Amino acid sequence: MTIHVLNGPNLGRLGAREPLIYGATTHDELVALCEETGKALGREVVVRQTDDESEMIGWLHEAADAGVPVVLNAAAWTHYSIAVRDAASQLTAPLVELHISNVHRREQFRHHSVLSDVATAVMAGFGVEGYPLAIRWLAERT
Ligand code: DQA
């Protein structure tokens, strides 16, 4: 079963964006890292990024209909988008909420997630290395 990795706003600017927080890896490199992880596990991994909330909601609906596991870095939407939460709630396979940075060491507004209580598991602070960890974890369970 395919594993979907869905990245939200500003993550397309990885590498250029606040590298002290998010690291030097670009989004293209992150895509390659996730695909290679999938290949080593014999699993197809699809990685997508959007700055458009309605597009993300459509991808979550697609993942819900297909019954596939998801790694979701909803970026800033994590902290306020009930629409993304409502879409994530429809997933039937495991959902990993992922953050590159340790959001709990950062500004207060990043400490709350509207997604965590509909996620199967939550990861923060592993850098981009969190993605292969999450993919491996999902691959063992789905
Ligand atoms: C993030 C953390 C969010 O607070 C922030 O808005 C992001 C990225 C992370 O991966 O650490 O854009 O989800």
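Predicted model: local features only at pLDDT ≥ 70, side-chain atom pairs only at ≥ 80, totals over all residues.

Let us begin with strand E1, residues 3-7, which is joined to E3 by four bridges, the two strands running parallel.

On to the next pairing. E3 is also joined to strand E4, residues 95-99, through three bridges, and these two run parallel as well. Here Val70 stands opposite Leu95 in E4.

What, then, covers E3: is one face of the strand covered, or are both? Both faces of E3, residues 70-73, are covered. Val70 and Leu72 lie on one side, Val71 and Asn73 lie on the other, and all four are buried.

The largest nonpolar core comprises 35 residues, and Val71 and Tyr131 have the most contacts inside it. The element that gives the most to this core is helix H5, residues 130-141, with four residues. Which residues does Val71 touch, if we leave aside its neighbours within four places in sequence? They are Ile3, Val5, Val96, Leu98, Tyr131, Ala134, Ile135 and Leu138.

I turn now to the ligand. Around the ligand we find Asn10, Asn73, Ala75, Ala76, Thr78, His99, Ile100, Ser101, Val103 and Arg110. Sorted by class, this shell holds four nonpolar residues, five polar residues and one charged residue.

Finally, the fold as a whole. The protein has five helices and five strands, and from the N terminus their order is β-α-α-β-α-β-α-β-β-α. Of contacts between residues at least 6 apart in sequence, 76% join residues at least 24 apart. Buried residues account for 35% of the 142 residues.

As for dimensions, the C-alpha atoms fill a box of roughly 35 × 30 × 25 Å along the principal axes. A compact globule with 142 residues would have a radius of gyration near 14 Å; the protein has 14 Å, so its value agrees with that expectation.

Thank you for your attention.

Methods:
Residues numbered from 1 in each chain as written. Near = placed C-beta within 6 Å. Nonpolar A, V, L, I, M, F, W, Y, C, P; charged D, E, K, R; others polar. Core = buried A, V, L, I, M, F, W, Y, C linked by C-beta atoms within 7 Å. Buried ≥ 20, exposed ≤ 12 C-beta atoms within 10 Å, placed from the backbone. Contact = placed C-beta atoms within 7 Å. Rg over C-alpha atoms; globule rule 2.2 N^0.38 Å. Pairing = 2+ DSSP bridges.
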